Amino acid sequence: MASETPLYRATARLRALLSTPDKQSLLTTGERFTVADQASIWVDADHAEALVKEAETIGPTQPAAIPLLEEASDLFQRGRFLEQEDGTWCLGRRGEIERLASRCQHWLADAYLAAKDDKAAEAIANLLLRDDPLDETGRRILLLSLHRQGLRREAVRAYQEAKNLYQQQGLPIPEEIEAVYQQIQRNRLKASVTEVNSCSTFFKYKRHTSSIVSLTITEMPSTEAEKYLYYDVIENSIESLRRLLAKGEVHFVLRSSLSLYNKLLQEYPTSKDMHLIDALFRLGMLVGAAQEYLLPWYQRDQIVLQTYNHIEDTVLRRVDGSNPFRHEYARLMAKRGRHNRVLWQFEAAIKACEDGLTSLQDRDDPSLQTHFFCERAHIEATRGDELVWMRKLEEARKGILHLKPADYERALKQVEYIQGEGYKRFAFHMQKDFPMSIRGKYARYALDYFTQWQGMTIELPGFEDLVSQVSKAQCLILVDADEAVSLARQLEKHAEQYYPSLLDKIHRVLYLAQQRLHLSSSAFSHLFQDASLAAYRMGRNIL
């Protein structure tokens, strides 16, 4: 009797499985066990398999496939194939069914995306990632579905979570996920520039006080009293946008300042009212600053130059020859000249410095004065003339001697920081036929100046500090590539949140540092020369 126990148990299980809704067994016994006609037996796994195959025939991302995949998915989720059976005979079929269930979920998520049912796609992606956090398709679908719902911050967090998970496993993030993330970033930038064209109201802004306030201006003033009130509202709006920019709200500031700037130009195309000109200038400069902090670093210069040129041609030229806006003009030259330098328009960059200093003769603005002196030296470093660069650095030190002690200390630190930037320029200069040993020497010189930035700048301090840390990571490519990768990854998250333009620089650091780690010295040297040559053809430095 004991020898019959396994058979008895197996028979009992089969009777339980093979029964009709009214509990009538389909397993009959005579001299041997027999099963009723196959048409009388319903097996979830077999039916789900048939549904998936039918969806595959239709095309798994076609709308008609969705009901089939949904039904199959429901069946698969009822439980594992022969879940209570512990015999090895069912393992092969169980694995086959589980692979089919996974394929069904992936196809269903893609079908939801194709049908633009992003919430449903997100739900499926979350199920996939719950079972396997490293599921590439699930992560890709999650990023896309979140982005298409307008949940961009959540999409960035989902990407960062994936990146951390793969790093913990010692794996690079899959190209499929990285490609989707980069596409999301490009779409974010595109939306930031074009979204203002569809604004239904004149201007909305947020003010950070005890609560968030929304303000809408719908009418232009018709009386003098209304005009003063109107300018007061605009002044408050500009100040609020300036504070938001300092908090890293670059997307919102770009949309809102550009919307108000264009509206004022449209309503007052030729007005010479000084209040209006001042408001237009400050709004235009906010647009330019937001573009500098948002647009990809190696693609932003032409767009930003167009903005600053537009401010000069459309706003400042309304002022008569006495030009009470000389200080504003100097601020414009400081911003525009920097982009002239990056594009190797050196004569225009030098003229911007000279015009800016001339406009500041009667003004006490230590930040702008320090900027022009430092920028003049930086131009020569970018050019590659080391002797003139050293001479201009010395002129910068002399040029700030008249400043008050507190201002002088910060200005001197800015000059020293720019000296580090100059050494970095020579370390990576494409027109210099330096061996890697000399480039490494310049990089080490630069690192001595890239400790903690405490200088005097015309930029937001947080932005300038992050730029200096990125410069440090750039130099580490030639000194300690492992540390360069580590630092770049630390900086990446902060840049994503506050200053997306710097991601371009950070990603280039990561690429070159990783190549330095994996290539021989000669192979990296060839890579460096090829990359430098490609950059040179575009009139740029490699970093």
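1. A cavity here is a set of points, on a 1 Å grid over the protein atoms alone, where a 1.4 Å probe fits but cannot get out. With that in hand, searching the whole structure turns up two cavities of 30 Å³ or more. A volume is the space filled by probe spheres set on the points, with grid points joined across faces, edges and corners.

2. Before we go further, a word on provenance: this is a predicted model, in which local features need pLDDT of at least 70 and side-chain atom pairs count only at pLDDT 80 or more, while totals for chains, interfaces and linings use all residues. Residues are numbered from 1 along each chain as its sequence is written, and side-chain values use heavy atoms, with hydrogens and water left out.

3. On confidence, pLDDT is the predictor's own score for each residue, from 0 to 100. The chain has a mean pLDDT of 81, with 78% of its residues at 70 or more. Please treat residues 189–219 with care: pLDDT stays under 50 there, and the model has 59 contacts beyond four places in sequence for this stretch. Contact means heavy atoms within 4.5 Å. Where pLDDT is low, the predicted coordinates should not be read in detail.

4. For the overall picture, the chain holds 22 helices and four strands; these are DSSP runs, numbered from the N terminus, with helices being H or I of at least four residues and strands E of at least two. Of the 543 residues, 49% are buried, where buried means under 20% relative accessible area, exposed over 50% and partly exposed in between, with a 1.4 Å probe and protein chains only. Among contacts between residues at least 6 apart in sequence, 65% join residues at least 24 apart.

5. Now to the largest cavity, which has a volume of about 480 Å³. Its lining comprises 34 residues, and Trp-297, Arg-338, Arg-341, His-378 and Arg-425 lie nearest its centre; a lining residue has an atom within 4 Å of a point. Helices α13 (326–342), α15 (366–383), α17 (405–427) and α19 (461–479) each supply at least two residues of this lining. By class, the lining of the largest cavity has 12 nonpolar, nine polar and 13 charged residues. Here Ala, Val, Leu, Ile, Met, Phe, Trp, Tyr, Cys and Pro count as nonpolar, Asp, Glu, Lys and Arg as charged, and the others, Gly among them, as polar.

6. Helix α13 also carries Tyr-329, which is buried because its relative accessible area is 18%. Beyond its neighbours within four places in sequence, Tyr-329 is in contact with Glu-312, Leu-316, Asp-355 and Ser-359. Its C-alpha atom is separated by 9.5 Å from that of Phe-281, 48 residues apart along the chain.

7. Two backbone angles deserve a look, since most residues other than glycine have a negative phi. Trp-344, in the loop between α13 and α14 (346–359), has phi near 60° and is buried at 18% relative accessible area. Lys-116, in the loop between α4 (91–114) and α5 (118–131), has phi near 65°, yet Lys-116 is exposed at 67% relative accessibility.

8. Leaving aside neighbours within four places in sequence, Arg-140 is in contact with Asp-110, Leu-113, Glu-176 and Val-180. In helix α10 (residues 250–267), 13 of the 18 residues are buried.

Note on methods
1 Å grid on protein atoms, 1.4 Å probe; cavity = no way out; pocket = protein on both sides within 12 Å on 5 of 7 lines; lining within 4 Å.
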